[in-house]
Amino acid sequence: MPVLLNIGTLATCRAPGGQGEIHSIPGAALAWGADTVRWVGPENELPSEFHSWETWDAGGRLVVPGLIDCHTHLAFGGWRADEFEQRILGQSYLDLAGAGGGIASTVEKTRRQSEDDLFNRAAGFLDRMTPLGVTTVECKSGYGLSLESELKLLRVYRRLADRGPTRIVSTFLGAHMVPAEYRERRAAYLDLVIGEMLPAVARDKLARCCDVFVEESAFSIEEGRRVLLAGKALGLAPKIHADQLTAGGGAELAAEVGALSADHLECISEVGIRALAASSTVAVSLPLATLYLHHQPLPARRLIEAGIPLAVATDFNPGSAPSFHLPLAMMLACTLQRMTPAEALKGATRYAGRALGLEDRIGSIEPGKSADFAVLDADSVNQWLYHFSPNACVATVARGAAIWNSAGIC
């Protein structure tokens, strides 16, 4: 049972105080037993019961809760590098989708991949996220869009969860778009999602959440409502891709159905902001997608001023956000969306945990919570996100075990 000593600053990211309050403790110590935090506070107040425990040395560095990427599409086939160039030359996301590219292109490649191939590739991504300080990742399906291919993706995520050490939260996104073979039969595809896919996912306990892409190129508000309520009736918590490309009322739907999160929101309306503010739904910012698509960023300051908790995630996927670098997304939340570094950190920890319905276990460093944290080679959160580097993380601890340690802290 270790104690981490010589912490320069420890950001606990507890709930009180709103988006920018990360409850930092200078000169801190942190004790945990097995997988659970036992004590946190100033080192000079460390209770005597911990004095005989094994000691680790943070070297005067910054310690933050384990980072939580609460929106990824981790398992997919192929890449879409050609679209990167086409967008630079003026093609829009909707133009590419209308020409058979975009999500449809990835669906075709993903269906051809075996479960083992998808598992090995996704495991490789996770292994490169761990050294960044990431301890929890939400993983969406949505690139299968058939009963067997959607279940295949979710089985990959269950295998990744069993493999560890990263905590995996699986989300069913069968309503990502209407696949090509159903283009003239959308009602039949909705029946497939609601009548066959969702019951199979719930029966086999393959997902915690159910998501839907509400957008002109995907599903309408009414279609999204049907999918989310059907999933909710089967015990899957609702989440929504909302108001990314147009102000389509996705935020309002998220509030209506009691969604855990409404994600994207670059085009959210004032009505949508008011609806989220009156709900318990977390807004999720995805600034890497904003950057890659060259879109107007989410209005973070308006959301924060309205009292809406705002999480930050990568949206890692092969098209609009082909990067799993969560600290980069956090830095972009600061530069593109005018969030402070403290606000971005709370967004990638406490509020990201809440966006997954797991805030009682992860997202902050408090007694009783999972012992998930990262040790960063920086003296403050401001310094970390201001002086961006390929990776400032020197150690990652998940469920009490060091899963990345490049500086010999233990």
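Predicted model: local features only at pLDDT ≥ 70, side-chain atom pairs only at ≥ 80, totals over all residues.
A residue is called buried when its relative accessible area is under 20%, exposed when that area is over 50%, and partly exposed in between.

The buried positions are Leu326, Pro327, Ala329, Met330, Met331, Leu332, Ala333, Cys334 and Gln337. The length of α12 can also be checked: at 1.5 Å a residue its 12 residues should span 16 Å, and the end C-alpha atoms lie 15 Å apart, in agreement with that expectation. Just after this helix, Arg338 adopts a positive phi of about 65°.

Positive phi values occur elsewhere in the model as well. Asn6 is not a glycine, yet its phi is positive, at about 60°. This residue belongs to strand β1, residues 2-11, and is partly exposed, with a relative accessible area of 36%. His23, also a residue other than glycine, has a positive phi near 50°. His23 sits in the loop between β1 and β2 (24-33). With a relative accessible area of 14%, His23 falls under the 20% limit and therefore counts as buried.

A further backbone feature is found at Pro165. The peptide bond that joins Gly164 to Pro165 is cis, with omega near -5°. Pro165 is located in the loop between α5 (147-163) and β8 (167-175).

The aromatic side chains may be considered next. A pair of aromatic rings is described by the distance of the centres and the angle of the planes. The structure holds 14 aromatic pairs. Phe76 is buried, at 1% relative accessible area, whereas Trp79 is partly exposed, at 39%. Another pair consists of Phe84 and Tyr292, whose ring centres are 5.8 Å apart; their planes stand at 55°, so this pair is tilted. It links distant parts of the chain, since Phe84 lies in helix α1 (residues 81-88) and Tyr292 in helix α10 (residues 287-293), 208 residues apart. Phe84 is partly exposed, with a relative accessible area of 42%, and Tyr292 likewise counts as partly exposed, at 26%.

Ring pairs also build a cluster, which joins Phe76 and Trp79 with Phe125, Tyr143, Phe316 and Phe324. An aromatic ring takes part in another kind of contact at Phe119, where Arg159 lies over the face of the ring at 4.3 Å from its centre.

The remaining feature to examine is the largest pocket. It holds about 290 Å³ of space and is lined by 17 residues. Nearest its centre lie Ala97, Met177, Val178, Arg183 and Ser217. By residue class, the lining divides into 9 nonpolar, 6 polar and 2 charged residues. Helices α2 (93-98) and α3 (103-112) each supply at least two residues of this lining. The greatest contribution comes from α2, with 4 residues.

Technical notes. Residues numbered from 1 in each chain as written. Heavy atoms only, no water. 1 Å grid on protein atoms, 1.4 Å probe; cavity = no way out; pocket = protein on both sides within 12 Å on 5 of 7 lines; lining within 4 Å. Points joined across faces, edges and corners; volume = space filled by probe spheres on them. Nonpolar A, V, L, I, M, F, W, Y, C, P; charged D, E, K, R; others polar. Buried < 20%, exposed > 50% of the residue type's maximum accessible area, 1.4 Å probe, protein only. Phe/Tyr/Trp six-rings, centres within 6.5 Å; stacked < 30°, edge-to-face > 60°. Lys NZ or Arg CZ within 6 Å of the ring centre and 35° of its normal. Expected span 1.5 Å × (residues − 1).
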